[in-house]
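Okay, thanks for making time today. Let me put the model up on the screen, and we'll walk through it together.

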Amino acid sequence: MKVLLTGGAGYIGSHTFLSLLDSGHQAAILDNFSNGSRVVIDRLAELSGSPVRLYETDIRDAEGLGAALDDYAPDCVIHLAGLKAVSESVSYPLAYYDNNVVAAHTLLQEMSRRNIKKIVFSSTAAVYGAPQALPLSTNHPTNPVNPYGASKLMVERMIQDLVVADPDWSAVLLRYFNPVGAHSSGRIGESPNGIPNNLVPYVAMVAVGALKQVHVFGNDFETPDGTGLRDYIHVSDLARGHVAALEALSAGRAEIFNLGTGKGRSVLDVIQAYEKACNRKIPYEIKDRRPGDVGVVYADVSKAAEVLKWKALHDIEDMCRDSWNWQRLNPRGYQ
Ligand code: WQD
C-alpha cells in the first residue's frame, strides 16, 4: 500500500516509516518539524537506501495538506502528528485541542474529499485514566484525566462516528502504552526537546552524563518495590504494530487495539536494566510522587495477538540496550 505518515519525522513515525518499507509498503512523510528534526529525513534515506518523499506542511493547513494528498495519492494515512506531553497539555489545553482535535478534523475532511478512506490513528493508553481493573483491556472505561488523553479520545470518537456514517471508511485506533528504545542501528531514536518528561529518555541522559541523577517520583505505590509500574514497549515493536494494523483495515469498522507487552516494569527495574545496558551506575534519588501519577498501568494485549497476529518481541533489556546505543552515539539527539 501507499501510506502517508503524518508526523512521520517524529520518534514513532520514523520507526514506522522503516517498518512499512521493510514490509514492502511505500511510504511518504508529512511533517511540520515542530517536534521532529530534518536530520531524521537524511537518516531514513541512509537506512532505507532511497530518497524519502517529504511534504513539509502543517496538517492544520488544509491547502498544504490537500496538495500533499493530491500529489502522493496514498491508499491510507497513518496519523501520528500531534502534541503528546501530558504536563504540557494541562498548562496549554487549547494548543492540544487545536493540534490534536481540530487538526484531525481537517485531515479527515481532506481525506474524505479525495475518497481516501483508510486511517490508522495514533492514540494512547492515557484515554483510560486511572485503572479500575488490570490489565487494561480495550473495553476498560475511558476517563482521561488530562487534556492530552481527552484530545486523543475525542479523535477516536470522531473517527468511529465517521465510519458509522460512511462505511466506506475503515479505521484502526492504536492505544500506545510506553514507547521506549531505538532502532538497532542507533541512527534514529528519541530526541526530546529540553529536559525529558518521560523516564527512559531521562535515564538515558543521566547515563550519558548530560543530567546528574534520576528523580524517582514516589516509592510508596502498591508495587513490589514501591515505585511506579508501566508497560514499556520497544518502539520497533510498536512500529510493527502499525504495519499489522494497516493490513487489518476493513471497511465499515473502527477497531481499537492496545499496543504494549502486557508486562509491567517498575522505575527501579528500568534503572537496573539501564545500568546493565550501559555498564555504569545510574544515580537516583527518591522524590515525592508526581501529581496525577497512578501506580500501576499495563496492557491486556490479547486482542492484538488474536486479531492483528501481532505481539511485542523485545523485553526491557533490549529496550535499554537499544536506547543506550542511540544515546551514546547521539549524546545530543539530533541537535
Ligand atoms: C513512567 C514512570 C513515573 C520520569 C507518559 C504519557 C504519555 C504516554 C506514555 C504516549 C512513572 C516515573 C518518570 C522521571 C520517574 N505516551 N518517572 N522519574 O507518565 O507512564 O506516560 O508516557 O501516549 O506521554 O502518558 O510515562 O515515562 O513519564 O513515567 O520516576 O523523571 O516513571 O512516575 O511511574 P507515563 P513516564
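So, how many residues surround the ligand, and which are the closest? There are 18 of them, and the closest are Tyr148, Leu199, His215, Arg230 and Asp293. By "surround" I mean that a residue has a heavy atom within 4 Å of the molecule.

Quick housekeeping: this is a predicted model, where local features need pLDDT of at least 70, side-chain atom pairs count only at pLDDT 80 or more, and totals for chains, interfaces and linings use all residues. Residues are numbered from 1 along each chain as its sequence is written, and side-chain values use heavy atoms, with hydrogens and water left out.

Back to the ligand. For polar contacts, think N or O pairs within 3.5 Å. Thr124 has a polar side-chain atom 2.8 Å from a ligand oxygen. His215 uses a backbone N or O atom, 2.8 Å from a ligand nitrogen, and a polar backbone atom of Phe217 sits 2.9 Å from a ligand oxygen. On its own the ligand exposes 690 Å², and the protein buries 91% of that; those areas are Shrake-Rupley with a 1.4 Å probe.

What does the shell look like by class? It has 8 nonpolar, 6 polar and 4 charged residues, with Tyr and Cys counted as nonpolar and Gly as polar. Strand E8, residues 214–217, gives the most to that shell, with 3 residues.

Now the fold. Seven strands make an open, parallel sheet, in the order E3-E2-E1-E4-E5-E6-E11; pairing takes at least two DSSP bridges. E3 (54–56) and E11 (254–259) are at the edges with a single partner strand each, so one side of each has no neighbour in the sheet. From one strand to the next, the twist averages 20°.

Zooming in, E1 and E4 pair over 4 bridges, and Leu4 has Val77 as its bridge partner in E4.

Two helices to point at: H1 (11–22) lies across E1, E2, E4 and E6, at about 165° to E2. H8 (235–246) lies across E1, E4, E5, E6 and E11, at about 160° to E6. Contact there means heavy atoms within 4.5 Å, and angles run from 0 to 180 degrees between N-to-C directions of the fitted axes.

Most residues other than glycine have a negative phi, and most peptide bonds are trans. Phe33, in the loop between E2 and H2, has a positive phi of about 55°. Leu134 and Pro135 are joined by a cis peptide bond, omega about -5°, and Pro135 is in the loop between E5 and H6.

Definitions and conventions: Polar contact = N/O pair within 3.5 Å; in protein donor to acceptor, adjacent residues only side chain to side chain.
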